[in-house]
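Hi! Here is the structure I promised to pass on to you. Have a look at it first, and then read my notes below.

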Amino acid sequence: MTKPSAIKKVAEHLKNYPEAKVIFMVGAGISTSCGIPDFRSPETGLYHNLAKLNLPFAEAVFDVDYFDKNPQPFYTLARELYPGNFKPSKFHYLMKLFEKNNRLQRIYTQNIDTLEHQALIHESYVIEAHGSFSRNHCIKCSKEYPLEKFKSKLKIDEIDFEDSDRTEFDYAKCDDCGGLVKPAIVFFGEGLPSRFFDTWEEDQEWFLNEKEKNHLVLIAGTSLTVYPFASLPEEVPSEIRRALINKELVGDFKTFPRKEDIIFHGNVDDAARELAAELGWLADLEALAAEQ
Ligand code: CNA
């Protein structure tokens with residue numbers, strides 16, 4: 001008898017426990033098929049491509065002090081990543097189907113591309129742990145800066161992808177104090193939104209109060225290297241089953257694997273198709289992907 005594939009195991013769990021819901025914890029790997037590079041994939045990752053921006057170190061693009069001195073690399077990157085340029089992946093639509101079928105508890109995302117929103121997942125389910133482009137503030141006095149005005153500074157309509165690192169920008173500056181303005185994306189050294197911590201606390205209690213329902217945590221498309229997000233999987237109570245869908249083995253799945261962990265080594269969209277098929281949602285998945 002052949003062993004069931006990892007995705008079949010996830011499907012079996014969800015079929016065996018019809019009241020079980022899923023908490024997703026996701027990262028840049030669920031958006032690479034949309035054309036948005038992740039950070040760390042060799043050759044194609046953003047950090048590889050940032051070399052052309054002459055940064056002193058790759059992470060400087062998300063460093064407030066560096067941004068204050070030279071906002072050009074962040075503007076270049078923000079213009080490429082800005083919401084509206086990309087469509088959700090099959091994996092985003094799979095998460096939408098978990099919502100539609102009343103099997104979704106939460107999505108913790110490290111992504112700043114707002115593709116969960118574009119896949120029409122209700123905002124109450126989505127925790128944008130690293131912020132988003134939906135608001136902008138002065139880095140000196142915190143005064144809010146109008147969204148459309150900031151977008152116009154990025155010159156999104158004038159993208160010349162051939163020469164995207166050469167554009168001179170007219171940087172957005174605060175009307176009150178003249179400080180530089182940046183989107184509400186969490187830079188290195190900045191705190192995560194309080195909603196991230198508050199909701200995770202609630203969800204941990206929810207797990208414990210409803211243990212017998214056998215809820216599931218599904219972690220996908222992340223290298224689990226950016227903290228505190230990367231510690232979420234190890235904080236999942238030991239009674240709750242975890243599954244990893246990723247091209248490589250990462251984080252707590254590597255260092256402290258649990259006996260019941262389910263590991264799918266591969267592409268998130270392939271996993272999405274297989275899981276949708278197992279759960280009888282494939283036609284819905286194809287329809288959602290075709291709509292956009
Ligand atoms: P990362 O460190 O780049 O890791 C991505 C992980 O996903 C790696 O383990 C890859 O092997 C894996 N992966 C990539 N593509 C696929 C695929 N198609 N199928 C399966 N696995 C895949 O990214 P993390 O999200 O872990 O790092 C956190 C950073 C990345 C956050 O601060 C984000 O803001 C930041 N980021 C976000 C975006 C976005 O919003 N789309 C893009 C790039 C970086």
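Glutamine 105 sits in strand E2 (residues 104-109). A word on names: helices (H or I, at least four residues) and strands (E, at least two) are DSSP runs, numbered from the N terminus. You are looking at a predicted model, where local features need pLDDT of at least 70 and side-chain atom pairs count only at pLDDT 80 or more, while totals for chains, interfaces and linings use all residues. Residues are numbered from 1 along each chain as its sequence is written, and side-chain values use heavy atoms, with hydrogens and water left out.

Is glutamine 105 buried or exposed? Glutamine 105 has a relative accessible area of 13%, so it is buried (buried means under 20% relative accessible area, exposed over 50%, and partly exposed in between, with a 1.4 Å probe and protein chains only). Leaving aside residues up to four places away in sequence, glutamine 105 touches Lys21, Val22, Ile23, Tyr125, Asp203 and Trp206; contact here means heavy atoms within 4.5 Å. With one of these, aspartate 203, the side chain of glutamine 105 makes a side-chain to side-chain polar contact at 2.9 Å. A polar contact is a pair of N or O atoms within 3.5 Å; within protein, one must be able to donate a hydrogen and the other to accept it, and residues adjacent in sequence count only if both atoms are side-chain atoms.

**Helix H5 and its two partners**

Next, go to H5, which covers residues 90-100. Nine of the eleven residues of H5 are buried, so this helix is largely enclosed by the rest of the structure. The buried ones are Phe91, His92, Tyr93, Leu94, Met95, Lys96, Leu97, Phe98 and Glu99.

A tip for what follows: two packed helices are described by the angle between their axes and the distance between the axes. Axes are lines fitted to C-alpha atoms, for helices over the stretch in contact, and angles run from 0 to 180 degrees between N-to-C directions.

H5 packs against H12 (residues 282-291) at an angle of about 120 degrees, with the axes 9 Å apart. That makes H5 oblique to H12 (angles under 35 degrees count as roughly parallel, over 145 as roughly antiparallel, 65 to 115 as roughly perpendicular and the rest as oblique). The crossing of H5 and H12 is right-handed. A crossing is left-handed if the near helix is turned anticlockwise from the far one by less than a right angle, and right-handed if clockwise. On the H5 side you will find Lys90, Tyr93, Leu94, Lys96, Leu97 and Lys100, which meet Asp284, Leu285, Glu286, Leu288 and Ala289 of H12. The residues of this contact divide into six nonpolar, no polar and five charged. (Ala, Val, Leu, Ile, Met, Phe, Trp, Tyr, Cys and Pro count as nonpolar, Asp, Glu, Lys and Arg as charged, and the others, Gly among them, as polar.)

The other partner is H11 (residues 268-279), whose axis comes within 8 Å of that of H5, crossing at roughly 35 degrees. The crossing of H5 and H11 is left-handed. H5 brings Lys90, Phe91, Leu94 and Phe98 to this contact, and H11 brings Val268, Asp269, Ala272, Arg273, Leu275, Ala276 and Leu279. By class, that gives eight nonpolar, no polar and three charged residues.

**Helix H4**

How many of the ten residues of H4 (residues 72-81) are buried? Nine are, and the helix is mostly covered. Among the buried residues of H4 are Phe74, Tyr75, Ala78 and Arg79.

H4 packs with H7 (residues 147-154) at about 105 degrees, the axes lying 9 Å apart. H4 and H7 are therefore roughly perpendicular to each other. Tyr75, Ala78 and Arg79 of H4 make the contact with Phe150, Lys153 and Leu154 of H7. The classes here are four nonpolar, no polar and two charged.

Asparagine 102 lies in the loop between H5 and E2. This residue has a positive phi of about 60 degrees although it is not a glycine. Serine 142, also not a glycine, has a positive phi of about 70 degrees. You will find serine 142 in the loop between strands E4 (131-138) and E5 (144-145), and with 49% relative accessibility it counts as partly exposed.

Finally, tyrosine 227 and proline 228 are joined by a cis peptide bond, with omega about 5 degrees. Proline 228 is in the loop between strand E7 (216-220) and helix H9 (232-235).

Happy exploring!
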